[in-house]
Amino acid sequence: MIKKCLFPAAGYGTRFLPATKSMPKEMMPIVNKPLIEYGVEEALEAGLNEICIVTGRGKRALADHFDTNYELEHQIKGTSKEETLKDIRHLIESCTFSYTRQREMKGLGHAILTGRTLIGDEAFAVVLADDLCIHPDDGVLAQMVRLYNQFRCSIVAIQEVPKDQTHKYGVIAGDIIREDLFRITDMVEKPKPESAPSNLAIIGRYILTPDIFEIIRNTPPGKNGEVQITDALLSQAKNGCVLGYKFKGKRFDCGSIEGYIEATNYCYDNLYLKK
């Protein structure tokens with residue numbers, strides 16, 4: 001059983017400056033709930049209650065958020081505002097939270113490798129909090145955990161993107177197992193549209209087997225001098241099996257201003273107002 005979910009959360013969030021100068025981008029609110037809280041809710045729904053967070057300098061707000069604030073709770077106790085803490089209290093009571101720091105920004109692969117001390121030698125999920133995924137009944141991680149229980153190999157979430165957007169993503173090619181599932185044969189980090197192997201882009205949901213750590217350790221830096229998880233996964237795919245899964249649900253790129261606004265409007269109309 002997969003129980004651990006890793007959140008790489010050490011990045012600077014420069015696309016949201018000056019807001020992220022003193023606030024982690026993962027704490028940017030979608031209506032009244034931080035991005036990372038949506039991700040932890042998705043993990044818990046999938047049965048992953050051991051939350052492992054890779055942080056960096058200036059990220060203490062993440063640990064504070066998933067902790068009790070006695071002064072605040074005393075002030076609002078017995079008022080209508082106490083109800084607003086119901087969801088976060090449930091997460092704090094249901095999950096354990098552990099943290100480690102990434103001292104240098106060397107890419108997503110390096111961030112995942114930094115989390116090894118929290119994960120140990122077991123399969124685990126990875127969530128990039130700025131990819132907000134919403135499904136009314138069945139979260140993306142829950143869908144992927146069921147697949148892992150069947151195939152017992154690494155799995156990446158994929159979706160079709162416009163051909164002229166491939167330069168923003170890792171892009172896969174693969175053999176079709178069924179309409180929504182591919183055995184990956186190739187994987188390229190941020191290819192130009194004319195050289196992309198397909199329009200199937202990797203988004204911020206992964207399930208990884210523990211051998212990925214040694215593969216990352218032996219993966220040389222790629223684009224921008226960073227250790228790319230796509231390079232490590234391609235090596236894993238060539239020597240074993242990595243699946244690409246076209247998930248069910250909506251995904252918002254909250255790492256961009258446009259995606260963040262779109263997600264806020266959607267969540268306000270479809271989640272917040274319907275509570």
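**View 1. Buried residues of helix 7.** In this predicted model, helix 7 buries Val 140, Leu 141, Ala 142, Gln 143, Met 144, Val 145, Leu 147 and Tyr 148, where buried means under 20% relative accessible area, exposed over 50% and partly exposed in between, with a 1.4 Å probe and protein chains only. Helices (H or I, at least four residues) and strands (E, at least two) are DSSP runs, numbered from the N terminus. Helix 7 covers residues 140-151, and its 12 residues reach 17 Å from first to last C-alpha, close to the 16 Å expected at 1.5 Å a residue, a span taken as 1.5 Å times one less than the number of residues. Just after this helix, Arg 152 has a positive phi of about 55°.

**View 2. The largest nonpolar core.** This core, a set of buried Ala, Val, Leu, Ile, Met, Phe, Trp, Tyr and Cys residues joined through side-chain atoms within 4.5 Å, has 42 residues. Helix 7 gives the most to it, with seven residues. Leu 48, one of those with the most contacts inside the core, touches Leu 141 and Val 145, among others beyond four places in sequence, contact meaning heavy atoms within 4.5 Å.

**View 3. Phe 247 in its loop.** Phe 247 lies between strand 12 (242-246) and strand 13 (250-253), and counts as buried because its relative accessibility is 10%. Its contacts beyond four places in sequence include Val 140, Gln 143 and Ile 158.

**Notes.** Residues are numbered from 1 along each chain as its sequence is written, and side-chain values use heavy atoms, leaving out hydrogens and water. Local features need pLDDT of at least 70 and side-chain atom pairs count only at pLDDT 80 or more, whereas totals for chains, interfaces and linings use all residues.
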